[in-house]
Amino acid sequence: MAAVSGGGPRTPSVRIGPVDLAARVDEALAVQAVAFGLGPEEIEVRRHIVLRHLDHPHARALGATTADERLVGFVYGMPNERGQWWSTVVEPYLRATGCVHWLDDSFVITELHVLPRFQNRGIGRTLITTITDAVDHPRSILSAIDTESPARGLYRSLGYQDLARQVLFPSAPKPYAVMGAPLPLRRRG
């Protein structure tokens, strides 16, 4: 279990470690709703998706919790499989950029979210490095909204590079970028 120090009485210390995300799916989706700006209908759709993902035998999840066990951030992922929905959507984009091989032997970061009040404290960095350090894959891939954002900056600082841009997911209002990084992820300094 990792600890991230607090920034004063308004931002308490956070512990990062394994979490039964299926049992805490509603808490996780509440974090995602605030961090990602989701409405009630989208939360309900995502609830079923998250639970289906977590049924994968090699899915891993970590949570960031306060001393009173409140979930303030989480990450989960799994080994990529070419038949998974996400993989089938991004494959033509990766093929067009010559990066389709990234779909093989990769660990996908499916979701990573931290409540805004707890951002910029190293929690997201600790979540993603801790989960990828525990997998036996040579690389990691993920998708993020294709705009310059703090999330994309974090991913770049960890060694993720754009593999494909302007990736369109059905029903997603904005295009995404697919990013990949060799493991282990880059550390500061």
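## Nonpolar cores

A nonpolar core is a set of buried Ala, Val, Leu, Ile, Met, Phe, Trp, Tyr and Cys residues joined through side-chain atoms within 4.5 Å. Buried means under 20% relative accessible area, exposed over 50%, and partly exposed in between (1.4 Å probe, protein chains only). This is a predicted model, in which local features need pLDDT of at least 70 and side-chain atom pairs count only at pLDDT 80 or more, while totals for chains, interfaces and linings use all residues. Residues are numbered from 1 along each chain as its sequence is written, and side-chain values use heavy atoms, with hydrogens and water left out.

The largest nonpolar core has 40 residues, and Ile109, Leu127, Ile128, Tyr155 and Tyr160 touch the most other members. Strand S4 (residues 71–79) gives the most to this core, with six residues; helices (H or I, at least four residues) and strands (E, at least two) are DSSP runs, numbered from the N terminus. Contact means heavy atoms within 4.5 Å. Leaving out residues up to four places away in sequence, Ile109 touches Val75, Tyr76, Gly77, Ile128, Ile131, Thr132, Ser140, Ile141, Leu142 and Tyr160. A second, separate core has 16 residues, including Val89, Val90, Ala164 and Val167.

## Helix H3

Which residues of H3 are buried? They are Trp86, Ser87, Val89, Val90, Glu91 and Leu94. These buried residues pack against strand S5 (106–114), strand S6 (139–145), S7 and S8. After H3 comes Gly98, with a positive phi near 75°.

## Aromatic rings

A pair of aromatic rings is described by the distance of the centres and the angle of the planes. Rings of Phe, Tyr and Trp (its six-membered ring) pair if their centres lie within 6.5 Å; planes under 30 degrees apart count as stacked, over 60 as edge-to-face and the rest as tilted. By this rule there are three aromatic pairs. In one of them, Trp85 and Phe169 are tilted, at 5.7 Å centre to centre with 35° between the planes. Trp85 lies in helix H3 (residues 85–96) and Phe169 in the loop between strand S7 (161–167) and strand S8 (176–182), so this pair ties together parts that are 84 residues apart in sequence.

Phe169 also pairs with Tyr176: the ring centres are 5.2 Å apart and the planes are at 90°, so this pair is edge-to-face. Phe169 has a relative accessible area of 9% and is therefore buried; both Phe169 and Tyr176 are buried. Trp85, Phe169 and Tyr176 form one aromatic cluster. Elsewhere, the charged end of Arg139 sits over the ring of Trp102, 5.5 Å from its centre. A charge sits over a ring if NZ of Lys or CZ of Arg is within 6 Å of the ring centre and within 35 degrees of the ring normal.

## Thr129 in helix H4

Thr129 is part of helix H4 (residues 123–133). Its relative accessibility is 8%, so Thr129 counts as buried. A polar contact is a pair of N or O atoms within 3.5 Å; within protein, one must be able to donate a hydrogen and the other to accept it, and residues adjacent in sequence count only if both atoms are side-chain atoms. The side chain of Thr129 reaches the backbone oxygen of Arg125 at 2.8 Å. Apart from neighbours within four places in sequence, Thr129 is in contact with Leu158, Leu185 and Arg187.

## Annotated span

UniProt, in an unreviewed entry, places the feature "domain: N-acetyltransferase" at residues 14–184. UniProt positions are given in the numbering used here, feature names are shortened, and annotations may be inferred rather than shown by experiment. The end C-alpha atoms of this span lie 23 Å apart, and the span is 34% helix and 30% strand.

Val14 is in strand S2 (residues 14–18) and, at 2% relative accessibility, counts as buried. Val14 and Leu185 are 171 residues apart along the chain, and their C-alpha atoms are separated by 22 Å. Pro184 is in the segment after S8. A cis peptide bond joins Leu183 and Pro184, with omega about 0°.

Glu69 is not a glycine, yet its phi is positive, about 70°. Glu69 lies in the loop between strand S3 (60–66) and S4 and is partly exposed, with a relative accessible area of 41%. Ser171, also a residue other than glycine, has a positive phi near 70°. Ser171 is in the loop between S7 and S8; with a relative accessible area of 79%, Ser171 is exposed.
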